[in-house]
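Trainee: I would like a close look at a single part of this model. Please start there and then connect it to the rest.

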Amino acid sequence: MKRFMKYLIWTITIGLVMYIGYHVQSDLRQTAISTGRLTASLLIFSTLFPIFIGMLLRAPLLVKQMMEGKRWNINVPKLLAICLPALYISLSPLFYLIPFGHHFPFAFDLTVLSGISITAMTGMIVGYVLLDSVIE
């Protein structure tokens, strides 16, 4: 019963964070629509929030591993093979905020053609793998 309550509380916490994040993003999107231009705050929030959610999904296991006294170690191959490409895809909307951003390979294709969902999914992967690579 104790584990069930921990899982339930963590699920409710993640749900609340996602609910609040959805409303913040919705307000930012409405501002962008009403002004007629894409705002940097919307792009930044839409890019960083999924990374934060991915970190939240991995946080309970990280805390458990820390309590067990697992040693800290960085899994560099995992970071390079999984996190780096996913980070590139998830940060691709931010390339439009820098003057030479349109020169990055695939930046246009990833954000315009595939939509925001792929950047959100890869952002969650980045957040999860970042915390997963810290303790082995």
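Mentor: Start with Ile 9, which lies in helix α1, spanning residues 2-35. The model is a predicted one. Ile 9 belongs to a nonpolar surface patch that also takes in Met 1, Phe 4, Met 5, Leu 8, Ile 12 and Leu 16. Together these residues have about 730 Å² of accessible area.

Next come the aromatic side chains. A pair of rings is described by how far apart the centres are and by the angle of the planes. The count of aromatic pairs comes to two. In one of them, the ring centres of Phe 45 and Phe 49 are 5.1 Å apart and the planes are at 15°, so this pair is stacked. The cut-off behind that label is an angle under 30 degrees. Both residues belong to helix α2, which covers residues 40-67. Phe 45 and Phe 49 are four residues apart there, about one turn of the helix. Phe 49 has a relative accessibility of 17% and counts as buried, because buried means under 20%.

Tyr 88 and Phe 95 also form an aromatic pair, in this case tilted, with 5.3 Å centre to centre and 50° between the planes. Tyr 88 is partly exposed, at a relative accessible area of 27%, whereas Phe 95, at 10%, is buried.

Helix α2 also holds Arg 58. At 1% relative accessibility, Arg 58 counts as buried. Arg 58 lies over the face of Tyr 128, at 5.9 Å from the ring centre.

In one, the side chain of Arg 58 meets that of Asp 132, with 2.9 Å from N to O. This pair links distant parts of the chain: Asp 132 lies in helix α5, residues 116-132, and the two partners are 74 residues apart. Asp 132 also meets the side chain of Lys 78 in a salt bridge, at 2.5 Å from N to O. Lys 78 lies in helix α3, residues 76-91, and Asp 132 in helix α5, so this pair ties together parts that are 54 residues apart in sequence. Asp 132 takes part in the bridge with Arg 58 and in the bridge with Lys 78.

Terms used
Residues numbered from 1 in each chain as written. Predicted model: local features only at pLDDT ≥ 70, side-chain atom pairs only at ≥ 80, totals over all residues. Heavy atoms only, no water. Patch = residues over 30% accessible without salt bridge, like charges linked within 9 Å, V, L, I, M, F, W, Y side chains within 5 Å. Areas by Shrake-Rupley, 256 points an atom, 1.4 Å probe, with all protein chains shown as cover. Salt bridge = Lys/Arg side-chain N within 4 Å of Asp/Glu carboxyl O. Helix = DSSP H or I, 4+ residues; strand = E, 2+ residues; numbered from the N terminus. Phe/Tyr/Trp six-rings, centres within 6.5 Å; stacked < 30°, edge-to-face > 60°. Buried < 20%, exposed > 50% of the residue type's maximum accessible area, 1.4 Å probe, protein only. Lys NZ or Arg CZ within 6 Å of the ring centre and 35° of its normal.
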